[in-house]
Amino acid sequence: MDILVIGSGFGGLSAAIRLQAQGHRVTIVDKRDKPGGRAYVYEQDGFRFDAGPTIITSPWLIRELFELCGKQTDDYVKLVALDPFYNIRFEDGSVFHYSGDRKEILKQIQQFNPADVEGYQRFYQASSQVFKKGLPLMTKPFTQIADMLKVAPDMVELQSFKSVAGFVNQYIKDERLRIAFSFHPLLIGGNPFQSTSIYAMIHKLEQEFGIWFAMGGTGALVEALTRLFCEIGGRLLLNTEVAEIVINEKTKRATGVKTTDGNLFPADAVVSNGDVAFTYLNLIGEKFRKKWSNRRIKNLQYSMSLFVLYFGTNCRYNHMAHHEILMGRRYKDWIEDIFTRKHLPDDFSLYLHRPTATDPSLAPEGCDCWYVLAPVPHLGGKIDWKTQAKPYRDAIVRYLEQRYLPKLSEHIVTERYIDPLHFRDDLNSYLGSAFSVEPTLFQSAWFRPHNQSEDIPNLYFVGAGTHPGAGIPGVMSSGKIVAEMLMANG
């Protein structure tokens with residue numbers, strides 16, 4: 001079977017490798033000059049910046065791809081475990097060193113609030129139950145309502161109707177600890193006060209399997225998977241932008257794709273690793289979409305966007321870890337500004353990434369490589385990023401300089417940034433959303449855009465906007481789901 005994959009993000013690469021290993025003839029087309037999708041790499045002035053995902057939590061999904069092809073992961077990329085996973089810093093000066101050492105976690109909770117030690121232990125047991133029943137759902141397709149009905153009793157038992165914050169807060173009282181154990185949905189585009197409590201399993205997932213880093217950066221992992229795909233006979237075409245998924249008028253099946261330069265690529269099946277909303281709205285005529293009409297797509301809730309500043313410093317800040325979560329003076333109101341009011345807050349909660357803490361080769365000798373990520377509203381708000389981006393960048397640098405990185409502005413030697421316009425224009429994300437469809441209860445599992453299109457039976461979706469959702473484990477799992485569906489469908 002000839003299969004055409006649109007996009008070379010982790011979802012597209014995962015599906016393509018599995019399908020090629022099954023014996024299909026797979027071609028990936030990507031509009032950009034490098035593979036990786038959101039996991040693009042910027043190289044400038046001797047620094048190497050991972051543009052997107054940097055947190056690896058399910059290394060077995062990576063190793064599985066190499067094993068399927070009879071290869072050893074270590075021959076292609078080196079994965080190393082991180083300790084701590086993150087430092088979570090609060091504006092009162094307290095720091096929670098989040099790691100896989102449960103004794104150390106309990107010791108820190110004792111220091112933050114002794115009354116929460118017992119509550120954390122109950123939370124850990126509850127999140128373990130969510131993990132036990134929730135993890136298998138990551139690689140289970142939800143194409144029929146019956147699929148959802150089968151797991152509904154478990155979802156009720158696991159309190160999936162609660163938000164992650166609501167789930168955590170019933171066990172823990174200290175506000176800082178509540179944040180430390182409930183912020184994770186922000187890493188996949190979710191509002192902790194709206195995302196279903198099923199995502200509370202992330203805590204157990206991290207405790208069970210750790211946080212990992214690919215030496216050379218996430219881009220090295222993309223390069224390894226791309227090399228694997230090409231070695232087993234796959235074809236990758238870069239600088240090749242899809243203009244249309246061609247649908248047969250009579251059969252209502254996809255027959256291939258047409259690119260912006262007029263070339264036609266025939267295919268027996270098409271897998272889109274592009275944004276789900278963009279794919280439906282821009283690549284398929286609405287007459288072929290009874291289920292996914294323009295109106296339905298636009299009525300979905302979409303995740304926030306991001307402002308990301310990449311910068312290199314001519315010195316090293318060795319007091320900072322690989323992953324730093326910097327919590328601002330507000331939390332719930334700040335989240336409301338971003339998700340509900342679509343207002344650009346004056347204060348920040350930030351993710352600060354310093355990969356040179358683990359791999360100094362990503363920067364010139366004696367230097368540090370960074371990015372700082374700020375969640376911001378998607379383009380459904382009224383923020384003019386053409387005028388707001390530079391002042392926002394300056395405010396973030398001032399904040400970092402005053403609180404965490406002394407004399408930062410004097411030490412920055414190279415930089416660049418991306419904002420919601422980049423997600424819309426370069427990554428084809430509807431509303432400039434960074435994580436596609438928001439992971440609320442009624443936009444998860446069967447309620448999420450399906451991995452197999454209900455309108456076009458040989459069109460499949462992988463990536464953040466479909467089941468199971470965003471993040472490296474989610475999008476790689478979507479590739480596994482689609483490969484198994486295609487195998488079952490012949």
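This is a predicted model: local features need pLDDT of at least 70, side-chain atom pairs count only at pLDDT 80 or more; totals for chains, interfaces and linings use all residues.
D74 has its place in the loop between helix α2 and strand β5, the strand of residues 79-81. Along the sequence D74 and R63 are eleven residues apart, while in space their C-alpha atoms are 9.0 Å apart.

## Helix α2 against helix α9

Two packed helices can be described by the angle between their axes together with the distance between those axes. Helix α2, which covers residues 59-68, packs with α9 at an angle of about 25 degrees, and the two axes are 11 Å apart. With that angle, α2 counts as roughly parallel to α9, because angles under 35 degrees are given that description. The crossing of α2 and α9 is left-handed.

Which residues of α2 meet α9? From α2 they are I62, L65 and F66, and on the side of α9 they meet L221, A224, L225 and L228. When the residues of this contact between α2 and α9 are divided by type, seven are nonpolar, with no polar and no charged residues.

Strand β1 (residues 2-6) pairs with strand β13 (residues 269-272) in the parallel sense, over four bridges. Among the positions involved, L4 has V270 of β13 as its bridge partner.

N458 is found in the loop between helix α15, residues 420-425, and strand β19. Is N458 buried or exposed? With a relative accessibility of 3%, N458 counts as buried, because the cut-off for buried is under 20%. Leaving aside residues up to four places away in sequence, N458 touches R253, A254, D268, A269 and V270.

## The antiparallel sheet of three strands

A second open sheet in this description has three strands in the order β10-β11-β12, and here the pairing is antiparallel. Strands β10 (242-247) and β12 (264-266) stand at the edges with a single partner strand each, so one side of each is left without a neighbour in the sheet. The twist in this sheet averages 25 degrees from one strand to the next.

Strand β10 is joined to strand β11, residues 254-259, by five bridges, and the two strands run antiparallel. In this pairing, V242 has T259 in β11 as its bridge partner.

Strand β3, residues 41-44, runs antiparallel to β4, and four bridges join the two. Across the pair, V41 stands opposite D50 in β4, and E43 stands opposite R48 in β4. The hairpin has two residues between its strands, and D45 takes a positive phi near 55 degrees. In strand β4, which covers residues 47-50, F47 and F49 point one way whereas R48 and D50 point the other way, and all of these residues are buried.

Q44 lies in strand β3, and it counts as buried because its relative accessibility is 16%, where the cut-off is under 20%. Which residues does Q44 touch, not counting those up to four places away in sequence? They are F49, T414, E415 and R416. Q44 can also be compared in position with F311: the two are 267 residues apart along the chain, and their C-alpha atoms are separated by 9.9 Å.

Methods. Residues are numbered from 1 along each chain as its sequence is written. Side-chain values use heavy atoms; hydrogens and water are left out. Buried means under 20% relative accessible area, exposed over 50%, partly exposed in between (1.4 Å probe, protein chains only). Two strands pair if DSSP finds at least two bridges between them. Axes are lines fitted to C-alpha atoms, for helices over the stretch in contact, and angles run from 0 to 180 degrees between N-to-C directions. Angles under 35 degrees count as roughly parallel, over 145 as roughly antiparallel, 65 to 115 as roughly perpendicular and the rest as oblique. A crossing is left-handed if the near helix is turned anticlockwise from the far one by less than a right angle, and right-handed if clockwise. Contact means heavy atoms within 4.5 Å. Ala, Val, Leu, Ile, Met, Phe, Trp, Tyr, Cys and Pro count as nonpolar, Asp, Glu, Lys and Arg as charged, and the others, Gly among them, as polar.
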